[in-house]
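Student: Hey, can you walk me through this protein? I'm new to reading structures.

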Amino acid sequence: MANEFRAPNKDVVQKVWQEFGLNEQRVKESVEALKKWLAMQPHLPEESGSLHEARLERWLIRCKNSMERTKQSIDLYYTLKSLAPDLMCGWNPRSKWFQDTVQKFCFFPMPELTPEGDRVIIARYINNDSTNFVPDDLNKICLMTTEVRMCEEYCFTDILIFDIENYTLGHASKVKFTTVKKIEVGLMKAFNTRLKAFHIINAPSCAEVLIAIIKSVFSSKLSSRIYVHGKDLTNFTKQVPQMCLPDYLGGTGGSFQENWNLWLKKLDSYHDWFLQHENFKSDESKRQGGDFNFGDLFGFEGSFRKLNVD
């Protein structure tokens, strides 16, 4: 039986705070400082409420209590919503594209943290049907899940498990460098995901190009944390606790489908919030500062105004 994803207990919160030199008072002061900074940025939207403050706190944690990095990440997040709507907008869990995609692909956190306080994330091609396969829709599922985690999560780092057993030539023909680069920018820069390990499992031979693209997109530091496994998962299962794996991978964390169904309910519970929050994006006409080459982020030519975190 799978468990529901739930808010962290006080012990987990305290351990994470301690890791980054934080306590309740410092967190409160930092969140207030971020709110004041946001209010002084003419190009950034005005948000309020406890959920907004919770997300600012998670951003601070994900950025290791660095105010500068947190500001850069937040700025980029709102900027992408304005300039990359194909990636950051249209997040409606009751829409047709969503309902179609979640029958073919999943991306969800397992409910139990590892003993070290890390979160295991399962990404999987559910079947080998590449009909009407839209890579950007997979990216949106990943980012919607990350957005919810920004509201509720507390952990040290992520352990990403990408099961590509059902990846086919049909999928391969549609996945491009820019597809993978977009999700890297969204996850690793806008949300500042901290990745402890990236396990690619059940890799078929037709996925060689995909794996090469993934490694080329990630920094050398993160590329060193990518581990590719074929059908033999002996070494893989030694590296991830059983309680954090679904039963089809030899774990005790409940069935894959139960876990995915529970997470889909979680995403649906954010339906109204997703639609409302889509309006919170940058207004680039009000941004102060010069231009910079947006190709540094997405790997193609383009210009963009410089992110100003002062």
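Tutor: Let's go from the whole protein down to single residues.
This is a predicted model, where local features need pLDDT of at least 70, side-chain atom pairs count only at pLDDT 80 or more, and totals for chains, interfaces and linings use all residues. Residues are numbered from 1 along each chain as its sequence is written, and side-chain values use heavy atoms, with hydrogens and water left out.

Student: How many helices and strands does the protein have?
Tutor: There are 15 helices and seven strands. Helices (H or I, at least four residues) and strands (E, at least two) are DSSP runs, numbered from the N terminus.

Student: And why call it as compact as a globular protein of that length?
Tutor: Its radius of gyration is 19 Å, close to the 19 Å that the globule rule gives for 310 residues, so the protein is as compact as a globular protein of that length. The radius is taken over C-alpha atoms, and the rule is 2.2 Å times the number of residues to the power 0.38. Those C-alpha atoms fill a box of roughly 55 × 45 × 40 Å along the principal axes.

Student: What share of the residues is buried?
Tutor: 55% of the 310 residues count as buried. Buried means under 20% relative accessible area, exposed means over 50%, and partly exposed is in between (1.4 Å probe, protein chains only).

Student: What about contacts along the chain?
Tutor: Among contacts between residues at least 6 apart in sequence, 76% join residues at least 24 apart. A contact here means heavy atoms within 4.5 Å.

Student: OK, new topic. How many salt bridges are there?
Tutor: The structure holds 22 salt bridges. For each, a side-chain nitrogen of Lys or Arg is within 4 Å of a carboxyl oxygen of Asp or Glu.

Student: Which residues are linked in a network of salt bridges?
Tutor: Arg 119, Arg 149, Glu 153 and Asp 158 are linked that way.

Student: Where is Lys 104?
Tutor: Lys 104 is in the loop between α6 (96-101) and β1 (105-109). Lys 104 is buried yet has no salt bridge, and the nearest side chain of opposite charge, Asp 129, is 4.3 Å away. On charge, Lys and Arg count as positive and Asp and Glu as negative, while His and the chain ends are not counted.

Student: So what does its side chain reach?
Tutor: The Lys 104 side chain reaches the backbone oxygen of Thr 131 at 2.3 Å. Leaving out residues up to four places away in sequence, Lys 104 touches several residues, including Arg 124, Tyr 125, Asn 132 and Phe 133.

Student: And where is Glu 112?
Tutor: Glu 112 is in the loop between β1 and β2 (119-125). Glu 112 is partly exposed, with a relative accessible area of 23%. The Glu 112 side chain makes a polar contact with the side chain of Asn 3 at 3.5 Å. A polar contact is a pair of N or O atoms within 3.5 Å; within protein, one must be able to donate a hydrogen and the other to accept it, and residues adjacent in sequence count only if both atoms are side-chain atoms. Apart from neighbours within four places in sequence, Glu 112 is in contact with residues including Arg 6 and Met 243.

Student: Last thing: what's up with phi?
Tutor: Most residues other than glycine have a negative phi. Lys 64 has a positive phi near 55°. Lys 64 is in the loop between α3 (50-62) and α4 (67-83), and counts as partly exposed at 43% relative accessibility.

Student: Is Asn 202 buried or exposed?
Tutor: Asn 202 counts as buried, at 6% relative accessibility. Asn 202 also has a positive phi, about 55°, although it is not a glycine. You'll find Asn 202 in the loop between β4 (195-201) and α10 (208-217).
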